[in-house]
Each structure stands twice: as structure tokens, then as C-alpha cells.
Amino acid sequence: MVPLIQSLVKKHLERLAAEDVNLDDFAPKVIEKAKALQERFSPFITINEKLASENMPRHVMKLPFSVKDNICTRGIRTTAGSKILEPYVPPFDATCIHQIKNAGGFVVGKTMMDEFGFGTFATNCAYGAPKNPIDPTRVCGGSSGGAACVAAAAEFPHIAIAQSTGGSITAPAAFTGTVGITPTYGRVSRWGLIDYANSMDRIGAIGKCVYDAALGLSIISGYDPMDSTSLNAPKTDYTALLGSEIKHLRVGVPVEYFGADVDESIKRNALDMIKGLESFGVTWEEVSLPSTKYAISAYYLIAMSEASTNLAKFCGLRYGMEGPLDGNYEQYFAQLRGKYFGEEAKRRIILGTYARMSGYRDAYYLKALKVRAKIIGEFRKAFGRVGVIATPSMPIIAPRFDEVKKLTPVENYAMDRMTVPSNLAGLPTISVPSGTSSGMPTGIQFIGNYEQEGTLVAVAGACEQV
Amino acid sequence: MAGVMIGIEVHCQLNTESKLFCSNSNDMRNKKPNESVCPICLGYPGSKPVINKHAIELGMRIGLALDCKIADSMFFSRKTYFYPDMSKSYQITQYEVPLATEGYLTVGDTKIRIRRVHIEEDPAKLMHVGGDITNAEYVLIDYNRSGVALAEIVTEPDFTTPKQVHQFLDNLLSILEHLGVYDSSKEATLRCDANISLDGGERVEVKNITGFENVEKALNFEIIRQNGMKRMEVKVERETRHFDSDSNTTKSLRKKEYEEDYGYIFDPDLPVIKISKEWVSSIKKNMPELPDQRVKRFVKQYALDEYTASVLIYADKNLADFYEECCRNYNKPQTVANWMMNYLLKSLNWRSERIKNSKVRVGTFVELLTLIENGTITERYAKELIKEYVDTGISPKELMKKSSSGKIDLDAVVKKVLEENKKAVDEYRSGKQEALKFLLGRVLVATNKQADPKLINEALLKQLGASIAQ
């Protein structure tokens with residue numbers, strides 16, 4: 001068997017076990033390295049500089065994590081990429097942050113993201129845009145762009161905590177040549193996650209390799225009574241499933257994901273990877289998911305409807321930005337929201353509000369929920385025949401910043417067509433590198449049945465050996 | 001008042017330990033503003049609601065008591081509107097499928113249909129400083145109330161008079177108290193919105209009226225106002241009004257040309273809750289005794305007339321509890337009822353107090369009745385004493401000690417009266433029975449009408465007899 005890709009994290013854990021890491025200066029050194037990364041690629045909104053000076057016992061700060069900036073970190077500013085939350089320092093930790101701290105992890109910094117997750121390229125952020133470490137004229141992908149950027153570029157052991165609503169883990173993982181795991185909906189507690197679309201929001205992990213991402217998920221998963229949609233399932237060590245047998249695994253290849261709208265080289269890389277898995281005893285067959293073509297519309301209607309209610313709370317009261325107390329309440333919050341929400345946030349608030357207005361609600365919001373149910377049904381049917389479904393992660397390679405600027409909102413939204421269906425269904429996915437195209441990485445995405453993250457880790461681990 | 005149509009919505013703060021979606025206490029006694037709050041009820045980014053199942057069970061009790069159908073599953077929706085009392089700018093409520101539907105409550109001879117009972121969270125409390133809602137200088141927000149569990153009870157527009165509404169509310173309050181779902185002693189509130197239209201005209205909503213008397217007043221005012229408008233041929237507009245309890249009038253808050261659009265979506269943070277038949281029947285099995293059942297029991301168990309039983313039970317559930325506790329300690333149910341109905345209630349009402357928050361206790365009240373029974377004090381004196389007792393809560397025995405007029409030395413008074421009225425004494429001795437009545441009247445006056453005439457009579461006869469023997 002070919003050895004697994006060398007994991008910096010794994011090596012670091014081994015050195016920790018052998019007490020071969022000088023913990024007195026480990027965390028401060030990591031912070032210095034993070035600052036250097038920031039100079040080159042700006043993946044962070046906030047670097048946890050306080051950490052170096054904090055009176056924390058160093059020996060508990062063993063493994064560095066970066067955290068997407070929509071996940072609440074007690075005492076560390078959390079903006080969700082929005083100006084409206086610029087001064088916001090949460091009074092509590094998200095559940096996944098608790099778990100990281102309990103596991104001996106520490107937060108290096110909060111990573112760049114599209115405002116509230118509203119974007120595919122991590123270019124809709126109030127604080128800048130992360131540059132792709134492989135080609136800094138190109139984007140990292142979004143919305144967890146900063147997370148993938150750190151995962152790709154860090155020369156220190158590190159796991160990125162990322163989050164997806166419609167593909168925000170898979171997209172940046174594919175664009176940066178990293179591995180991104182999006183778990184089953186509910187696997188990781190959403191307590192402390194600043195909501196985009198609650199029925200689809202999932203916290204996951206991005207790492208340089210499958211081991212890193214799998215370790216990240218193992219740490220942050222688990223039942224949490226503070227999240228009513230939390231999955232009541234036992235905690236699993238997914239790293240233990242790396243290298244496990246996938247001999248009888250049947251891979252479904254959905255025709256709808258290999259159409260003319262996907263770059264040829266990306267399709268070829270994905271299909272080559274699937275064929276490469278044959279040496280592990282894997283077989284594959286075509287499957288059909290006919291409602292895929294409606295997924296983008298359904299996704300954006302549901303996501304925007306939910307988002308427009310989630311963003312209603314940002315009114316310049318209690319937390320976040322405030323304004324001069326002029327006029328009545330309506331004038332006050334309208335002025336404040338107008339000033340501090342970005343363009344894409346405003347677009348989604350308006351569209352989402354429209355989609356749930358009485359008179360349009362049936363035609364848009366409720367109809368979209370029906371489409372969602374249909375898409376879930378088709379996935380269930382497919383999983384009656386196959387163990388995993390393989391698709392290209394993204395239809396294109398990471399575009400250049402100037403190319404992104406030229407896209408219309410609709411073209412922009414359409415970029416999510418590979419990732420949105422599984423997010424509507426809440427199915428776990430993993431994106432792993434499948435090769436390159438024009439010098440940029442391409443990704444293959446495996447979609448698993450509910451709670452089958454273990455299978456995804458095993459098959460993705462095999463991909464690293466193809 | 002032909003053509004008056006009234007429907008009401010009642011918001012009842014539920015008697016749960018904690019709020020609807022977080023673990024903050026629901027008990028608002030001795031709470032400073034913004035003390036009982038957390039990231040959830042303040043709507044902090046990243047916080048998520050977790051349902052308090054007990055609130056659902058209390059809601060089911062209400063539904064069952066009002067003969068409603070209970071839904072077989074329930075879910076929550078987001079009702080979005082921008083108002084400073086709503087921390088998330090949306091309220092978590094029930095929209096499409098309420099917890100309970102299609103019930104009724106009979107008031108007098110009228111069946112008032114219940115459209116729905118649903119569970120929702122209470123908004124924060126706004127304090128209008130320097131005026132009321134229409135003209136305040138500024139507004140303070142107290143989030144203690146934010147997220148408190150509410151049951152909203154909505155009737156069909158079946159009321160034809162404001163008086164009926166008042167009666168309905170009295171009955172409903174007693175039911176809610178008997179169900180244990182509402183406890184005013186914890187500063188829980190019951191708030192009422194009323195919709196009223198005349199002769200099929202536009203519907204006017206009067207919002208957030210506290211106090212049942214005020215509901216009746218607000219509606220009476222609306223009838224006069226709307227009739228006046230009709231006489232002057234001014235069209236009644238669809239609008240929301242606010243009741244001003246200082247002037248007993250309603251003021252316009254906002255015109256409603258169209259149905260308000262709250263953009264309801266399913267709350268994706270809260271999964272669907274199945275309501276199994278077993279769950280409903282376990283609630284049914286453990287339903288507390290309802291006021292109607294209790295009235296029947298009182299008539300049977302204590303031989304009370306239905307009117308007395310109804311007053312005791314519908315005036316205030318705690319009053320009926322107090323009555324039963326007294327009866328356990330003093331086995332004369334009719335006497336207890338008389339004294340409660342005629343004197344205790346009057347004193348409480350005069351102080352606008354409810355028994356649970358008053359200083360009246362079963363032990364001391366029974367003591368008073370015992371003092372009357374064994375003749376230690378007269379009924380007349382007891383009627384005076386009870387006022388002071390309700391005021392202070394001091395036991396009647398202690399009050400008597402304190403008061404010099406408490407214990408009358410009847411023998412001394414009688415002796416003095418006999419000495420001062422020798423003529424009448426002689427007349428009595430010569431056989432004039434009217435003279436005894438005269439002497440009795442004198443003694444009564446001399447005791448400030450505090451002494452029991454029966455006892456005076458006895459004392460007179462004793463002393464008159466003694467003087468004959470002399």
C-alpha cells in the first residue's frame with residue numbers, strides 16, 4: 001500500500017506525544033507565522049494576537065485551529081465578514097470552539113469569508129478578500145475562503161474550521177487543492193454559528209489532507225442539546241477509518257453533474273479518479289438525479305428567505321454597530337442597515353423578503369420547499385443502489401479576481417450547481433484534489449448517505465493514494 | 001346593540017419555570033430590568049432556541065379545557081416585523097397549524113367559539129417615558145419579558161356585548177388558574193386585544209388592554225365612538241387603536257389599509273414536534289379539576305347554593321382553595337362561606353387585593369370564626385375587626401388584646417346602666433316587660449353597639465334577678 005500523504009498535523013501529534021514540542025513558544029510562533037500568511041494572502045479578518053500575551057498555560061495550547069469568522073469565539077471579535085458586526089465580541093463560545101479547547105486546540109485567528117456566507121468566491125467581504133496561495137491573482141473560493149487559504153498555505157500544523165450553507169466548504173477546498181468535509185446536517189452543533197440559512201448551515205473542516213480534515217470533524221462533532229437540530233449520534237474518530245476497506249463500494253456517477261457546463265479537464269480528472277479507485281475494488285455506475293436542474297432556484301429561494309429573517313436582528317441595538325440616535329426607530333435602523341450591510345447582503349434581504357411575502361409565498365418559498373423534498377427523494381433512491389455519489393467539486397477552476405467581477409449575480413449563483421443539491425438534502429460530502437487544470441487544482445466531490453462520513457473519509461483517503 | 005361583533009385574543013403568560021426557548025427564570029418577582037436575560041432571549045448572533053416542553057403541555061391543558069382539537073404535530077414559524085420590543089426582529093410563534101383549534105367556552109347562555117390556541121414567545125416590555133405609546137419622549141426596553149412563554153387564545157367574533165367579553169374573561173381566568181397554567185402571584189400577566197365591528201363595518205382592533213374592566217370600557221367606548229361616526233356619516237376605518245386608561249378612551253395607533261405582511265417562514269431552528277395520542281391522554285388524565293366541576297362539587301360537598309359556589313370559584317381560584325382549607329379546619333361550610341362572601345371579599349376588594357398576595361391566612365381566619373362562635377366576640381364586633389385583620393394580618397386574638405374595646409366588661413356596663421335607670425328597673429319589677437327592652441337598648445348604646453344583644457339580655461336578667469333576691 002502506498003503510504004498516506006504526510007500530514008503535518010499527524011506528525012505534530014506524534015511529536016506532542018513524544019513531548020518533542022516546546023509548548024512555551026509554540027503558540028506565539030504560530031501567531032507570527034499567521035501574520036506572515038496574512039501579509040501574503042490576507043486569509044484572516046482577525047488574528048488572535050492576544051493569545052501570545054495571554055496568561056494562558058501554554059501546555060494546553062497544542063494544536064492550532066483557524067475558525068471561520070461566523071463562528072462565535074468568546075473574547076475574540078466575530079464579524080461574519082460584515083461591517084455591521086465590526087465591534088462584536090461574543091460573550092460565549094460556539095459549541096465547536098468548546099470542543100476544540102477541550103481537545104487541546106487553540107484559535108489562531110478568524111478567517112475571511114463572504115459577508116454572512118453570501119458568496120462563492122470569498123470576494124463579498126467587508127474586510128478584504130483572501131488570495132489563492134497557488135496563484136494570488138485568483139480567488140480562494142467561498143464562502144469559507146480564508147479557511148481554505150490557511151489550510152493550503154500554512155507551514156505549521158493546522159486545521160481550518162469552515163462552514164457551508166450551499167457549498168462553502170467544497171468550493172474553496174477545490175479551488176485551493178485542499179480537503180473539505182461537510183458533515184451530515186446536525187452532526188456538528190450550530191450553537192454559536194451566526195446563521196445564514198439555518199436549515200442548511202453546517203460546520204465542517206478543511207485540511208491539507210484527508211487526515212487533517214477527518215481529525216477536525218472528529219473533534220467538533222457530537223450531540224449538543226443547545227442546538228435543537230443536533231444529531232443524536234455517538235462521537236466517532238474518523239481518522240481511524242482512513243485506509244479501511246472500500247472493496248465493495250459502488251460509486252454512483254450522476255449524469256446531470258457531467259454536462260457541457262462543466263470544464264472538460266475537471267470532468268476528465270474526476271472520471272480518471274473514479275477509474276483509479278477501481279484498483280481498490282471499487283465499482284461504479286451511472287445514476288440519475290433529474291431534479292438537479294431545479295436545485296439552484298430552490299436553494300436560493302430557501303436560503304434567502306431564511307437569511308432575510310436572520311439578518312432582521314441587526315438593528316444597531318444590543319450589539320454590533322450603532323449609529324447616532326436620530327429620528328424614530330424605523331429611521332434609525334433603516335439608516336444603520338443601509339450603511340453597514342454590503343450589496344450582496346442587501347440583495348438577499350430584498351429577494352428573501354419578497355419570496356416569503358403573502359401572495360408570493362406559495363409560488364416561491366413553499367414551492368422551493370417542495371422541490372427540496374423531491375431532491376431529497378431522488379438522493380434516497382440513488383443511495384439504494386450506490387454507496388457514494390461522485391461529482392466534480394466545482395464546474396470551473398478558481399477564477400481570477402477580474403473574472404469574478406464580470407459575473408452577473410445569476411452567473412455567480414449558478415457556480416454552486418455542483419454543491420447545492422447535497423446541501424439542500426443535508427447529506428455529507430467530502431472534496432479532495434483530483435488533479436490540475438492550467439496549473440490550478442481541481443476537486444472531486446463525494447456525496448455520502450446520511451451519517452456516512454466514515455465511508456467518505458475512506459474513499460477520499462483512497463483518492464490520495466491514486 | 002344589534003350588529004355588534006366582537007372577537008378577542010388573550011395572551012396568557014404561562015406558569016413555566018423558565019422561558020419558552022431558554023433557561024432564564026419566568027418568575028418576575030423582585031427582578032431588576034434586564035436581569036433575567038441571556039444570549040437566546042436577547043437574540044444574540046449565534047444563539048439558538050431550545051423548546052421548553054412544559055409550555056406545550058400547559059398549552060395542551062388549555063386546549064383540552066376549552067374542548068379544542070389538539071394537533072397531532074406542531075412546529076414554529078417566524079413572524080418578522082421590525083419593532084424594538086422584538087429582540088430578533090421576528091417572533092417565534094405558530095402560524096399554519098396551531099396547537100389547538102375549534103373549541104368553545106360558554107358564557108351565560110352563549111357559546112363563544114375558540115378559533116385557536118397557540119404557543120409563542122412574549123416580546124420585551126417597552127416603557128414609554130414622558131408619555132404613552134403615542135407621544136412618549138423616549139422608550140426603555142426591558143428584556144426580562146422577552147421569550148416568556150405565552151399561550152394565545154383566539155375567539156371567533158361571537159360576542160355581542162362588552163359585558164359578555166368581561167364575563168368570558170372572568171371565566172377564562174378562573175379556568176387558567178385552575179389548570180395551573182397561569183399564576184398572577186408571580187407577576188404573570190393576561191393581556192387582551194379586542195376586534196370590534198358594528199353592523200358589518202370595518203373591524204377596529206384595540207390592542208394590549210390590561211384589566212378586564214378596561215376591556216369592557218374600551219369596547220363600550222368603541223361602540224359609542226363608532227355609532228357616533230355612523231350618525232355623522234363618517235366611514236369607520238380599519239385601524240389599530242390603543243386604550244388610554246386615564247381617559248377611558250381609545251386613540252388611533254395606525255391605519256391598516258391592508259393585511260399586515262409578516263412574511264412567515266417555518267422556523268428552521270426548531271424541528272417538528274410529534275404530539276402522540278399517548279401524550280395527549282396523559283395530559284388529559286392529569287387535568288386538574290375545572291371550575292365547572294368544582295362548582296358542582298362545592299354544591300354537593302359543602303351544601304352551598306350554586307351562586308355562592310360560583311362566586312367563590314370564579315372570583316379567584318385561590319379564594320376557593322382558601323375556602324376549602326378553612327372548611328377542613330372549621331367544619332361549618334355555610335358559616336365560612338357567609339363570612340368570606342359578605343365580609344372578607346369586601347375587605348379584600350376594598351384594598352384591591354387578591355387573597356394569595358394578602359396577609360389573610362387560614363389559621364387566623366378560622367380563629368376569628370371560632371371567637372364568634374364561642375361568643376368571645378360579637379358578630380358586630382367581628383365585622384369591624386375583620387377590616388383591621390385584612391389590613392394587618394394580625395391574629396384576631398392579638399387584635400382584641402390590643403384594642404381596649406375588645407373585651408367588654410358587660411357586667412360592669414349593665415350594673416352602671418341599672419344604677420342610672422332606676423325608674424326603668426322599678427317598672428320592670430312591677431311587671432312592665434317593655435322596660436327590659438329599654439334597658440337593653442341603653443346597654444347596647446353604652447357598649448358602642450359592640451355587645452351581643454343575646455348576651456346583654458342574659459346579663460340584664462341575671463342582675464335584675466339578683467337585685468330582686470336582695
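Q: How many residues of strand S4 in chain A are buried?
A: In this predicted model, strand S4 of chain A, which covers residues 159–164, is mostly covered, with six of its six residues buried.

Q: Okay, and which residues point which way from that strand?
A: A:Ile159, A:Ile161 and A:Gln163 point one way from S4(A), while A:Ala160, A:Ala162 and A:Ser164 point the other way, and all of them are buried.

Q: What does S4(A) pair with in the parallel sense?
A: The parallel pairing is with strand S2 of chain A, residues 63–68, and it runs over three bridges. Within this part of the chain, A:Phe65 stands opposite A:Ile159 in S4(A).

Q: And which strand runs antiparallel to it?
A: That is strand S6 of chain A, residues 202–207, which five bridges join to S4(A). Here A:Ala160 stands opposite A:Ile206 in S6(A).

Q: Switching to the two chains: how many residues are in contact?
A: On the chain B side 35 residues are in contact with 39 residues of chain A. The area buried between the two chains is about 2900 Å², and carbon and sulfur atoms give 60% of that area.

Q: What does B:Lys48 form a salt bridge with?
A: B:Lys48 forms a salt bridge with A:Asp195, in which the closest N and O atoms are 2.8 Å apart. Across the interface of chain B and chain A, three salt bridges are found, and there are also 21 residue pairs in polar contact, counting pairs with both residues at pLDDT 80 or more.

Q: Which strands of chain B supply residues to that side?
A: Strand S4 (77–80) and strand S15 (265–266) of chain B each supply at least two residues of the side that touches chain A. By class, that side of chain B has 22 nonpolar, seven polar and six charged residues.

Q: What order do the strands of that chain B sheet come in?
A: Three strands form an open sheet in the order S5-S4-S15 in chain B, and the pairing is antiparallel. The edge strands are S5 (90–93) and S15 of chain B, each of which pairs on one side only.

Q: How many bridges are there between S4(B) and S15(B)?
A: S4(B) and S15(B) pair over two bridges in the antiparallel sense, and B:Ser77 stands opposite B:Phe266 in S15(B).

Key:
Residues numbered from 1 in each chain as written. Chains lettered and ligands numbered in written order. Predicted model: local features only at pLDDT ≥ 70, side-chain atom pairs only at ≥ 80, totals over all residues. Heavy atoms only, no water. Contact = heavy atoms within 4.5 Å. Buried area = accessible area lost by both parts, 1.4 Å probe. Salt bridge = Lys/Arg side-chain N within 4 Å of Asp/Glu carboxyl O. Polar contact = N/O pair within 3.5 Å; in protein donor to acceptor, adjacent residues only side chain to side chain. Helix = DSSP H or I, 4+ residues; strand = E, 2+ residues; numbered from the N terminus. Nonpolar A, V, L, I, M, F, W, Y, C, P; charged D, E, K, R; others polar. Buried < 20%, exposed > 50% of the residue type's maximum accessible area, 1.4 Å probe, protein only. Pairing = 2+ DSSP bridges.
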